[in-house]
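Reader: I am new to this structure and would like to learn how to read it step by step. Could we look at it together?

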Amino acid sequence: MKHHKSVTPRKQIVSPWECAKATEIIIRRIRRDASYQVRRKLDQVTVKRYVGVFLAEKEMPPIKVALVNDVPHLVDGWHRLAALEQIGRTATRADPVQSGSYPAALK
């Protein structure tokens, strides 16, 4: 007689971010809408400083991305993302922010 383990069914995942904390995301897939950038423009001195941090392989906080209509939108981390692009990175860590609309993600 074989003994079968009792298996608890897994909870159905509704959102791709539901089980995520920080996760890797492909940079070129992130939508950036300048009208939602809180600063007037990117500060190139800050971007250059962040390039140095990334090249020294020091830890930086992950960017924040909201999934709106299945499209990742940048919520926070404009300078970090610009620095990563300057050094040729193709992916980065991102903290997911659940939102049905981009303006709601900024709150």
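Reader: Which pattern does the protein chain follow along the sequence?

Author: Helices and strands are taken as DSSP runs numbered from the N terminus, a helix being H or I with at least four residues and a strand being E with at least two. Read in that way, the protein chain follows the pattern β-α-β-β-α-β-α, with three helices and four strands. This is a predicted model, in which local features need pLDDT of at least 70 and side-chain atom pairs count only at pLDDT 80 or more, while totals for chains, interfaces and linings use all residues. Residues are numbered from 1 along each chain as its sequence is written, and side-chain values use heavy atoms, with hydrogens and water left out.

Reader: How are helix α1 and helix α2 placed, and at what angle do the axes cross?

Author: Axes are lines fitted to C-alpha atoms, for helices over the stretch in contact, and the angles between N-to-C directions run from 0 to 180 degrees. Here the axes of helix α1 (residues 44-55) and helix α2 (residues 78-86) come within 8 Å of each other and cross at roughly 60°. Angles under 35 degrees count as roughly parallel, over 145 as roughly antiparallel, 65 to 115 as roughly perpendicular and the rest as oblique, and α1 and α2 are therefore oblique to each other. The crossing of α1 with α2 is right-handed; a crossing has that name if the near helix is turned clockwise from the far one by less than a right angle, and is left-handed if anticlockwise.

Reader: Which residues of α1 and α2 meet?

Author: Contact means heavy atoms within 4.5 Å. On the α1 side the residues are Q44, T46, V47, Y50, V51 and F54, and they meet H79, R80, A82, A83, L84 and Q86 of α2. By class, this contact has seven nonpolar, four polar and one charged residues, where Ala, Val, Leu, Ile, Met, Phe, Trp, Tyr, Cys and Pro count as nonpolar, Asp, Glu, Lys and Arg as charged, and the others, Gly among them, as polar.

Reader: Is H79 buried or exposed?

Author: Buried means under 20% relative accessible area, exposed over 50%, and partly exposed in between, with a 1.4 Å probe and protein chains only. H79, which has its place in helix α2, is buried, with a relative accessible area of 10%. Leaving aside its neighbours within four places in sequence, H79 is in contact with R39, K41, L42, D43, T46, V47 and Y50.

Reader: Why is α2 described as largely enclosed by the rest of the structure?

Author: Seven of the nine residues of α2 are buried, so this helix is largely enclosed by the rest of the structure. The buried residues are W78, H79, R80, L81, A82, A83 and L84. After α2 comes G88, whose phi is positive, near 85°.

Reader: Where is E57, and what is its phi?

Author: E57 sits in the loop between α1 and β2, and has a positive phi of about 60° although it is not a glycine. E57 is exposed, with a relative accessible area of 70%.

Reader: How far apart in sequence and in space are K48 and Q86?

Author: K48, which lies in helix α1 and is exposed with a relative accessible area of 65%, is 38 residues from Q86 in sequence and 8.9 Å from it in space, C-alpha to C-alpha.
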